[in-house]
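Please keep the sequence and the coordinates in view while reading.

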Amino acid sequence: GVKALKLDSKKPAVTKPKKKIDVSKELGVKLSKPSLSFGVIGHVDSGKSTLAGRLLYDLKIVDSKTLHKLTKESESIGKASFALAWIMDQTKDERERGVTVDICQTQFKTEKSLFTMIDCPGHKSFIPQMINGISQADLTLLIVDAGKNAFESSFGLSGQTREQITIARNLGLDRLVVAVNKMDTADWQQDRFEQIVDELTQFLVDDLAFAKEKIRFVPISGLSGGNVVAKQKLSWYSKGTLMEVLEAEAELKHSEDSADRFNDEFIMSINDIETSSDDVLISGRVNSGKIQPGESIAVSPSGDVGVVDKIFANIESPGAPKAKQDRDLVIVGEFVTLKVKNLSLPDNVKVGDLVSRSNSPIQASMKIKCKITTFKMNLPLLLGSQFILFRNNISVPATLSNIEGRKKKHLGSNQDALVEIDLVERPIPVLTYAQDSKLGRVVLRKNGETIGAGTVEEVL
Ligand code: GDP
C-alpha cells in the first residue's frame, strides 16, 4: 500500500513556469488542428492489426521498405498476410506469441487532423488493459468481421465484442465508428453490410442506449485497403472512407470542445512511471487544463508534491524509437511525460494516480458513493463480497458496503441502485461525475465478468 506522507505544516511553495512564453500564441497553434484519440476494439482476428498497418502504410507513415521487410519475414514463416499486422506488433516476443497484448499508442497526422490510435487487446484475459486503453480515447473504433459466421460468433452472447463495447460505452465513449471489415470475403455485398448494420444498431441502441446518429458504419477491407484511405468503388455506399469518417469525427469534436477548456484545473492520470536517482518520469494523457515546466504539482493519493522540470511529448511512430520532444506547454488531450523533481516519496507514485497543481490536490478516499447499473449476472452481488472496481486506468479490489433504500442485502441483474463502495487495499484519488465526466465513472467486474457500471456521486 501507499505510505501516508507527513507533510510539513508549512505548505510547499507553489512554483511558477520557468520560461516566459506567449501562452495564447502556443495555444492558438495547438488548437488550430482537430485532434482525436480513438481506441480500436474488436474480436480476436477481426483484423485490427491489419487495419492499423494498412492505415499507416496508406498514409505513408510507414514506408514500403519497412513493409517489404516485414512481408519477407512473414513469408518466411508462412504467414504472408501478417505483414501489415506486424507494423503495429513491433516487438519480437509479441510476434512470437502472435497476440497484441499491451496497449499500443500510435500517432499520425493527415492534412486535416492529428490522430492517436490506441490498439486495445482483444483477448478476454486482457480486459483490464483494454479498459486502460479505452479510457484514454475520445471515440471507439469497433472492428467487426463481415465474413460468413464470423460476425455472428463474435457477437454472440459470449462474445468479447459485446463486453468491450459495453465497457467503452459505460466509460463515457458515446460516439462510435464501426468498420465492417473483410468485406472482400463477402464480395462487398450490400445485403451483408446492411444485415450487420441492422443487427448492431439494434443492440447498440436498445441495449446500450447509444444515440443512433452517433454511430457511423463503414464497409472496408483492411487487407486490400478498400475504403480505408483509398476509396472502394461501390454503387450502394457513398458516406466516405474510414479515414474521411474519422476526420469528420475529429472535426466535430474540435467544433464542440469549448475554446477555453485549457483553463480548467490541470489533471493528468498516470499511465507509466520511471524512477531514476533524483527525478521521476510520469507519463499519461492530460485529462484537463494545461501545465508548463517549472510549475509545482501534487500526486494523489500520496499527497506528495514536486516540481515539473521538463515536459516531453510522447510520439510513438511505428518503426522509430520513442522520440521525446521538449515542450514549453502541454494541454488537455496530449500524451506527455513529465520529468518531476523533488518528490519526497517517488516510490509511492503508482499507475492510475492523479496529478494536479500543488495548490489543488485531488482528494483520495477508501469509500465512495456510486450510482450503478448491474448487467446480467450469474449470481447476485452480495453486500460484503469482493469485486474489482475500475476507474479510468485503476483497478482495485472493493466491496459493496451499503445499498441505499433497500432492505435486500444484494443486487440482482439489470438493476439501478445508489450504493456505497469500500476499497479494500488502498485509497484512490476520486473525482465525482459532476467534477469530471470521464474520471467520475466506474466499471465493476467479478470473476472475469463485467457485472456493472456507473458514476461516482460522492466521495465519502
Ligand atoms: P486481430 O487479431 O484483430 O489484430 O487480426 P489480424 O489483423 O491479425 O487479422 C487476422 C486475420 O484476418 C489475418 O489472417 C489477416 O490477414 C486477416 N484479415 C485481416 N483483415 C482482412 C481483410 O480485410 N480481408 C481478409 N480477407 N482478411 C483479413
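How many of the 11 residues of helix 8 are buried? This is a predicted model, in which local features need pLDDT of at least 70 and side-chain atom pairs count only at pLDDT 80 or more, while totals for chains, interfaces and linings use all residues. Residues are numbered from 1 along each chain as its sequence is written, and side-chain values use heavy atoms, with hydrogens and water left out.

Helix 8 (residues 160-170) is mostly covered, with 10 of its 11 residues buried. Here buried means under 20% relative accessible area, exposed means over 50%, and partly exposed lies in between (1.4 Å probe, protein chains only). Helices (H or I, at least four residues) and strands (E, at least two) are DSSP runs, numbered from the N terminus. Among the buried residues of helix 8 are Ile-165, Ile-167 and Ala-168, and also Glu-163 and Arg-169. Just after helix 8, Gly-172 adopts a positive phi of about 100°.

Thr-140 counts as buried because its relative accessibility is 1%. Leaving aside neighbours within four places in sequence, its contacts (heavy atoms within 4.5 Å) include Ile-165 and Ala-168, together with Gly-39, Ile-41, Leu-173 and Val-177.

Leu-67, Leu-70 and Ser-74 are buried in helix 3. Seen down the helix axis, the buried residues fall within an arc of 65°, so they line one face of helix 3; the arc is that of the directions from the axis to the C-beta atoms. An α-helix has 3.6 residues a turn, so residues three or four places apart point the same way. On the other side of helix 3, Lys-65, His-68, Lys-69, Lys-72 and Ser-76 are exposed.

The ligand remains to be described. Of the 17 residues around the ligand, Asp-45, Lys-48, Ser-49, Thr-50 and Asp-184 come nearest; a residue is near if one of its heavy atoms lies within 4 Å. Helix 2 (residues 48-58) supplies the largest share of this shell, three residues. An oxygen atom of the ligand lies 3.0 Å from a polar backbone atom of Gly-47, and an oxygen atom of the ligand is likewise 3.0 Å from a polar backbone atom of Gly-222. Taken alone the ligand exposes 580 Å², of which the protein buries 84%; these accessible areas come from the Shrake-Rupley method with a 1.4 Å probe.

Note on methods:
A polar contact is a pair of N or O atoms within 3.5 Å; within protein, one must be able to donate a hydrogen and the other to accept it, and residues adjacent in sequence count only if both atoms are side-chain atoms.
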